[in-house]
Amino acid sequence: MTSKLKPLFNNNKAFIPFVVTNDPDFQSTVNNVVALAKGGADIVELGLPFSDPVADGPVIQAADIRALKADPDIATDTFFDIVEAIRKETQVPLVFLTYLNIPFQYGYEKFCARCEALGVNGLVIPDLPVEERGEIDPFAAKHGIDIIPLVTPTSASRIEKIVSKATGFIYVVSSLGVTGERTKFADDLNDLVTRIRAVTDVPTAIGFGIHTPEQAAEMTAIADGAIVGSACVNLVAEYGDQAPQKLTDYTKQMKRAIAGQTSNA
């Protein structure tokens, strides 16, 4: 399978912001993703709201709750409708962060087919262990969808197994615990990325906790990209209708911070 995401890292340090789908509502999500694209986001990660987001901290959990309350009858089709509306405005590369129950209940074949049709090129699934990837892999591969694995500071001897089938990029978790802004990260991130690169040429992007330009520059000096979630979600929560401009400005600031890094730094 030829990945549509991997080439985005060629000679480029990627900035990957995250927002929750339907937070605070349908049209706001469209506006916010368009704003991130306008600011220069290389990939936008869209979180699909879920009732039990085990990997997410309070900020993203609150966004999930807002999204679900905004439309109590929300269905997976609504998420795809939002992407369809986004696609009328921008072709920015998209990935979903989803818990496995959502594509499972929708049907793996149907879910991956709709992702392909709408240009959702990858899936980050925090509760999918590598041993269970086989249940969705065939459908993802058939439709050209990257299953993006997560490697944590405790992955240790499992790194090679976790990344062995990776195609788009590898999500490197910066520290233990759930998502949320941090001032300190794991001490061995450089070693962790080095160990990943020893067994695969798939790009790496560090996430969990990054929120300042200085941190983005630090992380992209180690890896091939930086993923920022809670900071973007906070802007959405704080500024409401004014969030798009804030997101565009923030993205430009983060892109400037990582500019000048080379892809093999």
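The exercises below look at a leucine and at aromatic rings.

This is a predicted model, in which local features need pLDDT of at least 70, side-chain atom pairs count only at pLDDT 80 or more, and totals for chains, interfaces and linings use all residues. Residues are numbered from 1 along each chain as its sequence is written, and side-chain values use heavy atoms, with hydrogens and water left out.

**Exercise 1.** Find where Leu100 lies and decide whether Leu100 is buried or exposed.

*Solution.* 
- Step one: Leu100 belongs to the loop between strand S3 (94-97) and helix H4 (101-106). Helices (H or I, at least four residues) and strands (E, at least two) are DSSP runs, numbered from the N terminus.
- Step two: the relative accessibility of Leu100 is 13%, so Leu100 counts as buried (under 20% relative accessible area; exposed is over 50%, partly exposed in between, with a 1.4 Å probe and protein chains only).
- Step three: setting aside neighbours within four places in sequence, Leu100 is in contact (heavy atoms within 4.5 Å) with Tyr108, Ile125, Asp127, Leu128 and Glu135.

**Exercise 2.** Classify the ring pair of Tyr108 and Phe139.

*Solution.* 
- Step one: rings of Phe, Tyr and Trp (its six-membered ring) pair if their centres lie within 6.5 Å; planes under 30 degrees apart are stacked, over 60 edge-to-face, and the rest tilted. This rule gives 10 aromatic pairs.
- Step two: the ring centres of Tyr108 and Phe139 are 6.0 Å apart and the planes are at 40 degrees, so this pair is tilted.
- Step three: the pair links distant parts of the chain, with Tyr108 in helix H5 (residues 108-118) and Phe139 in helix H6 (residues 137-142), 31 residues apart.
- Step four: Tyr108 is buried at 10% relative accessibility, whereas Phe139 is partly exposed at 28%.
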